[in-house]
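These notes are meant for a colleague who is opening this entry for the first time. Please keep the sequence and the structure in view while reading the points that follow.

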Amino acid sequence: MRSPAAAAGASSGADFPDALPSPTSPATTPSHPSPGRHYYLAVDRTQFKMRTLLELLGVVADRRGGLPIAICVSSRDELDAVCAAVANLPFVSMSPLYSDQAEAERASILEKFRQETIQWNQTSKATDISESSKPDSMGTKLSIIVATDACLPLSAMAEAPLMARVLINYELPTKKEAYLRRMSICLAADGIVINMVVGGEVAILKALEENSGLLIAEMPIHVSEIL
C-alpha cells in the first residue's frame, strides 16, 4: 500500500509507512459490475486523515475545477471538523447540512448544489477536458456538500438526490445499508466513490465489499486516472 499522501497526489511531499492490504482477493471479487466506481484511499494513522482529505481535494481541484462532490460523515463532531478544515481552502465552495438547520436554508443549499451539478454536467459534456483546457477548469471552485447520514436528502420530504460526481466517505459506514443509501442519495449513476480507510477499518471495508457485491479497488496514485 502506498502512502496516503502519494495516493492523494503527493501534494505535500509527506511520506507515511504502508498500512493496508487490498481488500479484494480473486476469491471474493464480485462477478457482476457495480453501480459507479468504488475506490479506497488508505490512511496509515487517524491524525493524517484530515490532511489527506485536503490534499485529495487540492489534486481534484487542479484536474477538475467545479466538480460536484458530496462528503459523508457519521457524526456531527466529524462534520464540524471537516467543515472547519475545508472552509479554509480557496478553491472550494462548501455548504454543510445540519440537523438543526432552518428549512429554507436547507432547501437553498440543496437547490444551489443541484444547479451547480447540472452546470458542471453540461460543461463536461460540451467540452472534452484535456491539458489544453486545464487553465479554464482551474479557475472554478469545487462544489462540495458535507452531511451526516441523518441529514441526507429525504424522498419523503420531496428532496431529490444530490447526483454528485464524487462521493467521499470520510467516515466509512459500518453497515451495507448505510453505504448503499449514501450511494443512492448522493451519487450520479456514473459517479465515483472514494472511501477513506484508516488501518483498523480494513475488515469493515472487506465486509462491505463482500456483503454488497461491490468491487472496491485501491485508488490509483494519479487521481486523473479515475476522474
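Does W120 count as buried or exposed, and at what relative accessibility?

1. W120 has a relative accessibility of 12% and therefore counts as buried, where buried means under 20% relative accessible area, exposed over 50% and partly exposed in between, computed with a 1.4 Å probe on protein chains only. This is a predicted model, in which local features need pLDDT of at least 70 and side-chain atom pairs count only at pLDDT 80 or more, while totals for chains, interfaces and linings use all residues. Residues are numbered from 1 along each chain as its sequence is written, and side-chain values use heavy atoms, with hydrogens and water left out.

2. W120 lies in helix α4, which spans residues 103-126; helices (H or I, at least four residues) and strands (E, at least two) are DSSP runs, numbered from the N terminus. Leaving aside residues up to four places away in sequence, W120 touches R64, G65, G66, L67, P68 and R165, a contact being heavy atoms within 4.5 Å. Although L67 is 53 residues apart from W120 along the chain, their C-alpha atoms are separated by 6.6 Å.

3. The largest nonpolar core has 37 residues, among which L53, I69 and I168 touch the most other members; such a core is a set of buried Ala, Val, Leu, Ile, Met, Phe, Trp, Tyr and Cys residues joined through side-chain atoms within 4.5 Å. Two or more residues of this core come from each of β1, α2 (49-63), β2, α3 (76-86), β4 (142-148), β5 and β6, and α2 gives the largest share, 7 residues. Not counting residues up to four places away in sequence, L53 is in contact with I71, V82, V86, I168, Y170 and M196. A second, separate core of 26 residues includes A70, F113, A164 and L205.

4. In helix α6 (residues 176-186), the buried residues are Y179, R182, M183, I185 and C186. These pack against several elements, including β1 (37-43), β2 (68-73), β5 (164-169) and β6 (187-198), as well as α7 (202-212) and β7 (216-218).

5. The buried residues of α7 are V202, L205, L208 and E209. They lie on the same side of α7 because they cover an arc of only 125° around the axis, the arc being that of the directions from the helix axis to the C-beta atoms. Their cover includes β1, α6, β6 and β7, whereas A203 and N211, on the other side of α7, are exposed. Just after α7, G213 takes a positive phi of about 75°.
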